[in-house]
Amino acid sequence: MSPEFRTSPLGPLARDRFKKAGMVASLALVVAAGVASPAAAAARSVTDRAEAADGRGGDHCKPNHHHKSRVTEAGGKGDCKGPTGPTGPKGPKGDKGATGATGPTGPTGPTGPTGATGTAGTNGQTGPTGPTGATGAPGPCADIDAQQDSNNFELRVALTGGLTYAGIRDLTGTTTHPFLWTDLSTHANYPAGGLDTDGRNVGFVCGVAVNGHSSNSGEPIKFDVMTTTGQVWETTCVAVNSSQPDATLNCNDAMGVPIPWTKVTRQPSPGAVNGGA
């Protein structure tokens, strides 16, 4: 403990005077020793007194407010707090707290600007070609043929609009007679597509012909057609030249039923010689 804090029989005023006298004596010794100039010594003395006054210099410090010692009560200073120690290490990180409740959804933001148009994609590969469709009906065929073996009448066969007509015109007398036509397309088995009894494609009529040989003796007159698939079909009629006022054709059988079309035996075929399919 500093000597100034020991119990002294002198009062506070006497002690203060004594302290000042000691300070002057110390200053004189310093100057005499040449350690410092009188001005420097005086400045240091003042600084020491100021530090002692605010408790920051020497052995002086703030008094302990909890317990006052006898020395403190006598004008001196008692126990002092030491300098602040170094900061301790950082404690471990605490556990993560529970997640708070989800806040309300914020308002929808404004629509952003339209993005730039992307580049066009490459063209896809061409798909495979589909199967060939069925052959359609042929276009309209037109044809005509004529026959005259006597002076009594003349014959015609005409194809138009897919239908076949047999015609006859009376040549007797001095009056010009008209042609009289009979639609042979109404007869049974008229070639008009589909399959025949041999399973072959019939096709459609595209050519016609007439054969009136020996017609004067009442023999049948043959009317023939050729289809788009090369098949030949025929039917027959009989000339009736005794009727008045014009000659006519009878294309029915004895029962009055139209004579059906018949595919001729042996059909034209490539390379045939006195033969056929």
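Phe-179 is partly exposed in this predicted model. Its relative accessible area is 24%. Trp-181 is also partly exposed, at 43%. Two aromatic pairs were counted. In one of them, Phe-179 and Trp-181 are stacked. Their ring centres lie 5.7 Å apart, with 25 degrees between the planes. The pair counts as stacked because the angle falls under 30 degrees.

Tyr-190 and Trp-261 form an edge-to-face pair. Here the centre-to-centre distance is 5.6 Å and the angle between the planes is 65 degrees. Tyr-190 lies in the loop between strand 4 (179–183) and strand 5 (205–211). Trp-261 lies in the loop between strand 8 (248–250) and strand 9 (262–263). The pair therefore ties together parts that are 71 residues apart in sequence. Tyr-190 is buried, with a relative accessible area of 12%. Trp-261 is buried as well, at 1%.

The largest nonpolar core comprises 23 residues. Phe-153, Leu-155, Ile-168, Leu-184, Ile-221, Phe-223 and Leu-249 touch the most other members. At least two core residues come from each of strand 2 (153–160), strand 3 (163–170), strand 5, strand 6 (221–227) and strand 7 (232–240). Strand 2 gives the most, with four residues.

Conventions:
Residues numbered from 1 in each chain as written. Predicted model: local features only at pLDDT ≥ 70, side-chain atom pairs only at ≥ 80, totals over all residues. Heavy atoms only, no water. Phe/Tyr/Trp six-rings, centres within 6.5 Å; stacked < 30°, edge-to-face > 60°. Buried < 20%, exposed > 50% of the residue type's maximum accessible area, 1.4 Å probe, protein only. Core = buried A, V, L, I, M, F, W, Y, C linked by side-chain atoms within 4.5 Å.
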